[in-house]
Amino acid sequence: MDRATIELIVFIVYLVCMLGIGVFFFVKSKSGGDKEYFLGGRQMGPFVTALSAGTADMSAWVLMGLPASIYALGMGQIWIPVGLALGYAISWLFEAPRLRKFSIVANDSITIPQYLTNRFKSANKSLQIVCAVIFLIAYTVYAASSIKACGTLFNTVAGIDANVAMYVAAIITIGYVFLGGFKASCWTDFFQGLLMLGAMMLAPIFALMMMDAPLTASAYPEGYFTVLTSWQDILSGLAWGLGYFGMPHIIVRFMSLRSQKEMRKSAAIGIGWTVLILFFAALIGITGVQFLTGDAMGGYTTEQITTNSLVFILMVRAIFPAVISGVLLAAILAASMSTASAQMLSAASALAADVYKPIFRKGNASETEMFWMSRCAVILISIIAVIIAANPNSGTIMSLVSNAWAIFGAAFGPAIVLSLFWKRFNYAGAIAGIIVGGAVDIIWMVLFTASTGLYELLPGFVAGLIAAVVVALATPAPTKEVEELFEEAMAYED
């Protein structure tokens, strides 16, 4: 049996196991309403919460896109993982504890749009609708990047048509999200997080052991190890960390933790896992420059390796026998599916819980109705994501991720942070921050990113923050009831 067949069998076994988790939670909890489906009933433990938040973030781009970027462009790209590590740590330490408390006090909100509406005790649903529109657009693009990565993996390893592979991966992901909801997504994320970390540690360590003179300077292009390249590279890389403050599919995991007392433990696990993942992603890219030569390149040119983000795949296949490489390469499936499932669930919540139920059903939808509406939303969003992924002009994995990441961070980051830390903040300021942040991000991406070299998330976030503060100060202060909610959240304990 050849290598490709063995690796394909391993992938199939892995996918069946992930689908089995969805079936388990479907059988275990057929009811419980939208809170159970979208937030796991706020009963997730610290280990599952931490790894689920991490894997919801670290999609296939961290195994494929980031190593390929460092492989091709050098250590100047290291500011991206540095920015991500700092942003993730700050969000766990300062945003997560307050968000969980505020979401509970704010009428037990289960989604970010619900939280932002309930936080200001508003009967106006316009904010939920604005949020839902951004969710649906950005998440279909984001999920498309994960599905596209699955197509690249199967095409490279087994020669399967990339589009066919995308359809299969999407169906499996839809399967366990459709059946098991948030709990299935979190538990699959937990196991996939362990697999991702193991794979990313083993590949560069074994590659270094196999090389006669690892990390020899002469084997690298001139200037490869230059870290201080340009102010645009440094600011753009660090700006990636701002995305965490407004990334709904990640921060909603903070809300699902079963106890405030477990927050510190969960933060330590989550931050530690993410720092290790980012470190080894960078090491894979650095090691790949010297390791991927001759037969290890698998017949690909350096340009093809970079364009198709194949550094990790080729390194694993050159080092390990087929069964082991199949298991380790399943980490790409793990990364892709864990993020895609989180995105599908968040987008479905925006459509079902934030638009369908309050707008079309005036809050009168039954648990059974929401049960099926939520799952239909997952299917609809997934179909659109697959169509985008299958389009050859949709862009690379890294470009799709960076665009969606920036929109979320710029639109929601300022509003969420201010709602947690500023008592004077109001509903009008939140709407202004979301609209201006998202609009400036998109305008900058289209007109100025290429010419300035500055990642659109930074100007979008700053513009959203300024707009939110200015409008909040220019409009009436929050009511006494809203201020009391802020104080109640600050004093909340469970």
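A residue counts as buried when its relative accessible area is under 20%, as exposed when that area is over 50%, and as partly exposed in between. The structure shown in these close-up views is a predicted model.

**Figure 1. Glutamate 7, a buried residue in a network of salt bridges.** Glutamate 7 has a relative accessibility of 0% and therefore counts as buried. Arg3, Glu7 and Arg317 are linked in a network of salt bridges. In the pair formed by arginine 3 and glutamate 7, the closest N and O atoms are 3.2 Å apart. Both of these residues belong to helix H1 (residues 3-28), where a spacing of four residues corresponds to about one turn of the helix. Arginine 3 has a relative accessibility of 28% and so counts as partly exposed. Glutamate 7 also forms a salt bridge with arginine 317, with 3.0 Å between the closest N and O atoms. This second pair links distant parts of the chain, since glutamate 7 lies in helix H1 and arginine 317 in helix H13 (residues 311-319), 310 residues apart.

**Figure 2. The salt bridge between glutamate 487 and lysine 423.** The side chains of glutamate 487 and lysine 423 meet in a salt bridge with an N to O distance of 2.4 Å. Glutamate 487 is part of helix H20 (residues 480-491), whereas lysine 423 sits in the loop between helix H16 (397-421) and helix H17 (427-447), so the pair ties together parts that are 64 residues apart in sequence. Glutamate 487 counts as partly exposed because its relative accessibility is 42%. Lysine 423 likewise counts as partly exposed, at 30% relative accessibility. For the model, the count comes to three salt bridges.

**Figure 3. The packing of helix H6 against helix H7.** Helix H6 (residues 112-119) packs against helix H7 (residues 126-158) at an angle of about 160°, with 9 Å between their axes. Angles over 145 degrees count as roughly antiparallel, and H6 is therefore roughly antiparallel to H7. The two helices cross in a right-handed sense. On the H6 side, the contact is made by Ile112, Pro113, Gln114, Leu116 and Thr117. On the H7 side, Leu127, Gln128, Cys131 and Phe135 make the contact. Sorted by class, the contact of H6 with H7 comprises six nonpolar residues, three polar residues and no charged residues.

**Figure 4. The packing of helix H5 against helix H6.** The axes of H5 and H6 lie 9 Å apart, and the helices pack at an angle of about 70°. Angles of 65 to 115 degrees count as roughly perpendicular, and this description therefore applies to H5 and H6. The crossing in which H5 passes H6 is left-handed. Leu99, Phe102 and Ser103 of H5 make the contact with Ile112, Tyr115 and Arg119 of H6. By class, four nonpolar, one polar and one charged residues form the contact of H5 with H6. Ile112 takes part in this contact and is also listed in the contact of H6 with H7.

Figure 5. Asparagine 107 is located in the loop between helix H5 (79-105) and H6. Although asparagine 107 is not a glycine, its phi is positive, at about 60°. Asparagine 107 counts as exposed because its relative accessibility is 61%. Lysine 121 is placed in the loop between H6 and H7. Lysine 121, also not a glycine, has a positive phi of about 50°. With a relative accessible area of 52%, lysine 121 is exposed.

Figure 6. Alanine 415 is a residue of helix H16. Its relative accessibility is 0%, and alanine 415 therefore counts as buried. Residues up to four places away in sequence being left out, alanine 415 touches Leu116, Phe425, Ala430 and Ile434. Alanine 415 and leucine 116 are 299 residues apart along the chain, and their C-alpha atoms are separated by 8.3 Å. Leu116 is also one of the H6 residues in the contact with H7.

Methods. Residues numbered from 1 in each chain as written. Predicted model: local features only at pLDDT ≥ 70, side-chain atom pairs only at ≥ 80, totals over all residues. Heavy atoms only, no water. Axes fitted to C-alpha atoms, helices over the stretch in contact; angles between N-to-C directions. Parallel < 35°, antiparallel > 145°, perpendicular 65-115°, else oblique. Left-handed = near helix turned anticlockwise from the far one by under 90°. Contact = heavy atoms within 4.5 Å. Nonpolar A, V, L, I, M, F, W, Y, C, P; charged D, E, K, R; others polar. Salt bridge = Lys/Arg side-chain N within 4 Å of Asp/Glu carboxyl O. Buried < 20%, exposed > 50% of the residue type's maximum accessible area, 1.4 Å probe, protein only.
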